[in-house]
Amino acid sequence: MFEFIDVKFKDIIDLPALCIEKGKITTLVGTSGSGKTTILKLMNKMLSPTQGVILFNRTNLGLINSVTHRRQVTMLSQNPAMFEGNIRDNLQVGLKFQEKDIPGDNVLKGILEQVKLNKPLDSPVNNLSGGEKQRLALGRILLFNPEAYLLDEPSAALDDQTEEAIIEMVTGHVKDNNKTLVMVTHSKAIAAKYADTIIEIAGGRCSGRRGHDERDH
Ligand SMILES: Nc1ncnc2c1ncn2[C@@H]1O[C@H](COP(=O)(O)OP(=O)(O)OP(=O)(O)O)[C@@H](O)[C@H]1O
Ligand SMILES: [Mg+2]
């Protein structure tokens, strides 16, 4: 789905060749500051390479309209933005922006159940905890129903049990619907359990790549 060819971003990223496969779960792991978020932003066209080319389904990403691209490839940021208002407003905001149909409360409640957020739709978001905001932002992205999800530490603010439940749900959703997931995680256990491919990033470079089979033997 994504192919990096001789890609550099400033002096932060240097990826001569990196492939992200369609329909697979790929995790990016690596120390803080190694460039994981920057790689997701390059895939989402929030940043453009200063050198080299990124192909998306074999088309030069530089030639694809950013807004069109982000409808297919949606990123959950490490610190998701919340909008003023309640949970309902925050679930609907992206869809309104994209001029899509606005789902009814039953659909929105279903999404809250999926992300394990047990709050009424009318609750103001400024009262939510960090982990609750993160799950709300994940719910917002699930409603977009993109082809590929780029999730930047979606479970960083969650306790172990909630983390497991959320990752289980997201990876199940991705597999059941033949979507593609690229997820940054600090958790080696999560990467080992759920990823088809683990890509290790160090100093903006790919320092290792392991498939599921290689890890099982
Ligand atoms: N637009 C930018 N211009 C210049 N430097 C940047 C830019 N964005 C990030 N950096 C720097 O690039 C490096 C990689 O940042 P990045 O956010 O990709 O790391 P990360 O692996 O996601 O780290 P963390 O695990 O802490 O989230 C950092 O040193 C950061 O300060
Ligand atoms: Mg980061």
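Which residue takes a positive phi just after α5? N145 does, at about 55 degrees. The model is predicted: local features need pLDDT of at least 70, side-chain atom pairs count only at pLDDT 80 or more, and totals for chains, interfaces and linings use all residues. Residues are numbered from 1 along each chain as its sequence is written, while chains are lettered from A and ligands numbered from 1 in the order in which they are written.

Helices (H or I, at least four residues) and strands (E, at least two) are DSSP runs, numbered from the N terminus. Strands pair if DSSP finds at least two bridges between them. An open sheet of six strands has the order β6-β7-β8-β3-β9-β10, with mixed pairing. β6 (73-76) and β10 (205-211) stand at the edges with a single partner strand each, so one side of each lacks a neighbour in the sheet. From one strand to the next, the twist averages 15 degrees. Axes here are lines fitted to C-alpha atoms, for helices over the stretch in contact, and angles run from 0 to 180 degrees between N-to-C directions. Strand β9 (residues 197-202) runs antiparallel to β10, joined by six bridges. I201 has C206 as its bridge partner in β10.

Helix α1 (residues 36-43) touches β3 (25-29), β6, β7 (148-152), β8 (180-184) and β9. The direction of α1 makes about 150 degrees with that of β8. Helix α5 (residues 130-144) touches β6 and β7, and its direction makes about 175 degrees with that of β6.

Buried residues have 20 or more other C-beta atoms, placed from the backbone, within 10 Å of their own. In α5 they include E132, R135, L138 and L142. Their cover includes β6, α3 (87-97), α4 (105-114), β7 and α6 (160-176).

A further set of strands pairs through β1. Strand β1 (residues 2-9) pairs with strand β2 (residues 13-20) in the antiparallel sense over seven bridges. E3 has C19 as its bridge partner in β2. Three residues lie between the strands of this hairpin, where K10 takes a positive phi near 45 degrees. β1 also pairs with strand β4 (residues 51-56), antiparallel over five bridges. K8 has Q51 as its bridge partner in β4.

Notes. Contact = placed C-beta atoms within 7 Å. Buried ≥ 20, exposed ≤ 12 C-beta atoms within 10 Å, placed from the backbone.
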